[in-house]
Amino acid sequence: MQQKKRPVLTDEFIAAVAHEIRNPLSSVKMNLQVFSRSLAAMSSGKEVSIPNLQEHLRVALKSLEHLERIVNDIMDVSRPEVLEFASESMADVIEASLLLAENDLAVKGVRVVKNIGALPKVEVDARRMEQALLNIFLNGIHAMKKGGRLMINAGERDGIVSIVIEDDGKGMPPEVLSRVFEPFFTTSPEGTGLGLTLTKRLIEQEDGTISIESELGKGTRVTVMLPCRRKRRAADDDNGHEKDTDNR
Ligand SMILES: Nc1ncnc2c1ncn2[C@@H]1O[C@H](COP(=O)(O)OP(=O)(O)O)[C@@H](O)[C@H]1O
Ligand SMILES: [Mg+2]
C-alpha cells in the first residue's frame, strides 16, 4: 500500500534553517577571503606562512562539510515521501539498522547486547524504520566512551511491539532532554540536531510513539512502540492530506 505525504515546512523551520546555515557559510567566506588575500600578497613578493594558508582551507572545508550534513538532513526531513507499508519482521528491521551502524560500532568498540523475543510482523515502511532506529543507535553510540554497551530489548504485548534501546553513555540533564526533539537542537559540534526530529516524524508516520528517559552520567533509554497493524485513516485512500480519525 502506498501513501503520499506532503511535508509542511513552517516559517519557524525555514528561519531556523537560515540561522543554522549562516555561521558555517560566513566561516567559508571569511577563510577563503583571507586565503585569497594571502595569495595576492604572496604574488607581490611578500612572505606568507603556508601552514596558515592550509589552516584557512581546512576550516573552510570543515564548514562546508557541516553545511553538507545540514542540507542532507533537511532533505530527509522535508522530502515528499511515498510510504511503502508492508508486513515486515521487526527482528529483520532491527538487524538491518544494526548493520548500518556497524562502522560506528566498530570505531567506538561498542558491544551490542540484544534480547529480541519472538516478534510478530509489523506493517511498516522498513527502509524508513531502519533509518529511525539507526539515528537512535548512532546517538547512543556517540554518547558512549570506547567499550560502551548498547542494549536492545524488543518484545510484543497486546498487538504493540516495543523496542527499547539503552546506552550506558553520558546521559542528559533535564534541560537537554526536554529539547532533544527540537529541530537543530544539538550539543555536538558535528551534529545537525535533525536526527531525532526526523526519527520522531518517521515513527509517528508509522502510528508509533517514541519516548526518552535519561540520567546524567548514567545513560539513556529510548522506547519505541509500534502497533502491529496500522490504524486505518481516511487519508489512506485519498490524495495524501492527513485527516485524523476518531480512533486515534
Ligand atoms: N543517547 C543519547 N545520549 C546522550 N545524549 C543524547 C542521546 N540522544 C540524543 N542526545 C542529545 O540530543 C541531541 C539531539 O540529538 P539529534 O536530534 O540526534 O541531533 P545530533 O545527533 O545531530 O546532535 C544530541 O546533540 C544530544 O545532546
Ligand atoms: Mg543524532
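1. In this predicted model, helix α5 makes the greatest contribution to the shell around ligand 1, supplying three residues.

2. Ligand 1 sits in the largest pocket. Two elements give two or more residues to the shell around it, namely α5 (126-143) and α7 (195-205).

3. Which residues come nearest to ligand 1? There are 17 residues around the ligand, and the nearest are Thr186, Thr187, Thr192, Gly193 and Leu196.

4. Six of its residues are nonpolar, 10 are polar and one is charged.

5. A nitrogen atom of the ligand has a polar side-chain atom of Asp167 at 2.9 Å. On the protein backbone, a polar atom of Gly193 lies 2.9 Å from an oxygen atom of ligand 1. As for accessible area, ligand 1 has 540 Å² on its own, of which the protein covers 90%.

6. A separate matter is charge pairing within the protein. Side chains of opposite charge can pair when their charged atoms come close. With a cut-off of 4 Å between a side-chain nitrogen of Lys or Arg and a carboxyl oxygen of Asp or Glu, the count comes to 10 salt bridges.

7. One of these salt bridges joins Glu55 and Arg58, whose closest N and O atoms are 2.9 Å apart. Where do Glu55 and Arg58 lie? Both belong to helix α2, which spans residues 50-78. Glu55 and Arg58 are three residues apart, or about one turn of the helix.

How values were computed
Residues are numbered from 1 along each chain as its sequence is written. Chains are lettered from A and ligands numbered from 1 in the order in which they are written. This is a predicted model: local features need pLDDT of at least 70, side-chain atom pairs count only at pLDDT 80 or more; totals for chains, interfaces and linings use all residues. Side-chain values use heavy atoms; hydrogens and water are left out. A residue is near a molecule or strand if one of its heavy atoms lies within 4 Å of it. A polar contact is a pair of N or O atoms within 3.5 Å; within protein, one must be able to donate a hydrogen and the other to accept it, and residues adjacent in sequence count only if both atoms are side-chain atoms. Accessible areas come from the Shrake-Rupley method with a 1.4 Å probe; for residues, only the protein chains shown count as cover. On a 1 Å grid over the protein atoms alone, a cavity is a set of points where a 1.4 Å probe fits but cannot get out, and a pocket is an open set with protein on both sides within 12 Å along at least five of seven lines; lining residues have an atom within 4 Å of a point. A molecule sits in a cavity or pocket if more than half of its atoms lie within 2 Å of its grid points. Helices (H or I, at least four residues) and strands (E, at least two) are DSSP runs, numbered from the N terminus. Ala, Val, Leu, Ile, Met, Phe, Trp, Tyr, Cys and Pro count as nonpolar, Asp, Glu, Lys and Arg as charged, and the others, Gly among them, as polar.
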